[in-house]
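Colleague: I'm new to this one, could you walk me through it while I look along?
Modeller: Gladly, let me put it up and we can go through it together.

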Amino acid sequence: MQTLPIIQLSYLVSAVLFILGLKRLSSPATARGGNTLAALGMLVAVAATLLDQSIIDFTWIIVGVVAGGAIGLIMARTVKMTSMPQMVAVFNGFGGGASALVAAAEYFRAGEAGFATDAAVSIMAGVIIGTATFSGSLIAFGKLQGIVTEKAVKYPLQRTTSFLLFLGLLALAGYLGMRAPDGQLFLGVIAAALVLGVLIVIPIGGADMPVVVALLNSYSGLAASAAGFVLNNNALIIAGALVGASGLILTNIMCRAMNRSLANVMFGAFGAGAVGGGAGGADGDRVANEIDPEDAAMLMGYAQSVLIVPGYGLAVAQAQHKARELGDLLGKRGVQVKYVVHPVAGRMPGHMNVLLAEANVPYDQLYEPDDVNGDMENADVAIIIGANDVVNPAARDDPSSLIAGMPIIEVDRAKRTIVLKRSLNVGFAGIDNPLFYLQNNSMLFGDAAKSLSDLVEEVKAL
Amino acid sequence: MTGTLLVSLYVFVLAMFIGFEVITKVPPTLHTPLMSGSNAISGISIVGALVVAGAVDSPLMQWIGLAAVVMATINVVGGFLVTDRMLQMFHRQDEDGE
């Protein structure tokens, strides 16, 4: 395909804008401008492409852009912040699907002569990665949305099945790549890739979704890169590589935050129902202290520093606004308030930060575990809302624990802790939390939103 | 291995390194916008989709092209808009957040 120099140069401009845009995402102050810059880069790429001489008829282009643009606009405007992971999953899927279709079109375009080896490899890679991203993302969406079971689905010979399917897919793709286009066999490749995407995601449990969404993000980038190899288009290759790198970094961060390997997340079927040791809860000899809202408000209202540790339970209870109200009230009383967010607190990387930002929590009050762990002894009160495993001291103290080695927010070393929770039940990992029974901990039982409302009233009354 | 493929590989590998360098510096607070924003960038396959949809090759190709354009556009438009919506919410303590 011959392309005008002006188009190629525009693609270079796009690539530069993408990189500058991503660079600006490294600070909340410049991030919005960065996103606009990246969008501008996309606009340049699209406008330049329309100059391509092989485009003869604009009818379908206009229909597609208007329809897709309207759907994208409505989804972006109406989605709830709690549903952000689902939406990113769907968008990932569409990105992967589009890349697969572009590669597929190139497959059918090649005449009876067949392909050069490198073109065949690029096309098959684009089709397989893109298609598997598409179906895998839809399953991830289904799980996050509650349409598909959130539980890790286990079946016999799980790894072997996926592996054999993958090998078969490679063999079929290799065979096809060496022959003239064959529509039916090609559909076979697509079907197998669809199934592979499903098999990759279905064994992964709901709370491991942050890893999966990040991984699929990476795949959608790699699919775009593969399509770029097919079309010899550097804009696609660069943009895809940037996204691929981004997804890999986030996948890695998420795995580290849980102290698990990627293989363990993908095949471990964590939380599939197996209950770890000591899940029995209150064993008689251990008693958890209880506290009422009035006393809890006293503790916090007269403290110098308070840590607020939100977990996903906070978002489920839609209580982030109440938490911010409490934080603001304490701040007005001169209490130093920090929100401490664990990387896996939400359903996707950084999710909890967005939920708190939506509730108007200033980003300079958001802290990472490492920021506060060093100075934990000086924290007067840590209040834990809807979080469990990420504050479980067993991860640090008990090498035999299921979550041993997972980085935690070490609230047990704070002077006092208050846990807002419905009951003493176990968290996602299915293991008991010794924090609940510590001398300096108190439980405030009840629904998180209700308890926070009570706390807000009590602090006001101080 | 042809020259073009080799050049493509160079571009790909170097771009991956740039990606790692740039994105490692993004703080956890911004990881969700980073994902949705980079996700929108992966909609770059819209460029290929437009050419497929606009070249009048065959009815099959046009359907493939149309589907690709719709999906890529949803990805691009939705991705950038929702990222903007999220980033709009981030503000400092001394700024008026309302």
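Modeller: One term before we start: a crossing of two helices is left-handed if the near helix is turned anticlockwise from the far one by less than a right angle, and right-handed if clockwise. The model is predicted, so local features need pLDDT of at least 70 and side-chain atom pairs count only at pLDDT 80 or more, while totals for chains, interfaces and linings use all residues. Residues are numbered from 1 along each chain as its sequence is written, and chains are lettered from A and ligands numbered from 1 in the order in which they are written.

Colleague: OK, which way do α13(A) and α17(A) cross, left-handed or right-handed?
Modeller: The crossing of α13(A) and α17(A) is left-handed. The axes of α13 (residues 320–332) and α17 (residues 448–461) of chain A come within 9 Å and cross at roughly 20°, where axes are lines fitted to C-alpha atoms, for helices over the stretch in contact, and angles run from 0 to 180 degrees between N-to-C directions. Helices here are DSSP runs of H or I with at least four residues, strands are runs of E with at least two, and both are numbered from the N terminus.

Colleague: And why are α13(A) and α17(A) called roughly parallel?
Modeller: Angles under 35 degrees count as roughly parallel, over 145 as roughly antiparallel, 65 to 115 as roughly perpendicular and the rest as oblique, and α13(A) and α17(A) are therefore roughly parallel to each other. Among the residues making that contact are Leu326(A) and Leu330(A) of α13(A), and Leu452(A) and Val456(A) of α17(A).

Colleague: What counts as a contact, and how many residues does each chain put in?
Modeller: Two residues are in contact if their C-beta atoms, placed from the backbone, lie within 7 Å. Between the chains, the contact takes 96 residues from chain A and 81 residues from chain B. On the side of chain A that touches chain B, α4(A) gives the most, with 16 residues. By class, that side has 60 nonpolar, 27 polar and nine charged residues, where Ala, Val, Leu, Ile, Met, Phe, Trp, Tyr, Cys and Pro count as nonpolar, Asp, Glu, Lys and Arg as charged, and the others, Gly among them, as polar.

Colleague: What does α4(A) do with α4(B)?
Modeller: The axes of α4(A) and α4 (residues 59–89) of chain B come within 8 Å and cross at roughly 150°, and the two helices are therefore roughly antiparallel to each other. Their contact has 18 nonpolar, six polar and no charged residues.

Colleague: And α8(A) with α2(B)?
Modeller: α8(A) and α2 (residues 31–41) of chain B pack at an angle of about 25°, with their axes 9 Å apart. Ala214(A), Asn217(A) and Ser220(A) in α8(A) meet Met35(B), Ser38(B) and Asn39(B) in α2(B), and the residues of this contact divide into two nonpolar, four polar and no charged.

Colleague: Switching topic, how is chain A divided?
Modeller: Chain A has domain 1 (79–267) and domain 2 (293–461), with bounds that come from an automatic or database domain assignment. The C-alpha centres of these two domains of chain A lie 37 Å apart, and 17 residues of domain 1 are in contact with 15 residues of domain 2.

Colleague: What order do the strands of the sheet take?
Modeller: The open sheet of six strands has the order β3-β2-β1-β4-β5-β6 in chain A, with parallel pairing; two strands pair if DSSP finds at least two bridges between them. β3 (366–367) and β6 (441–445) of chain A stand at the edges, each with a single partner strand, so one side of each is left without a neighbour in the sheet. Tyr339(A) stands opposite Leu366(A) in β3(A).
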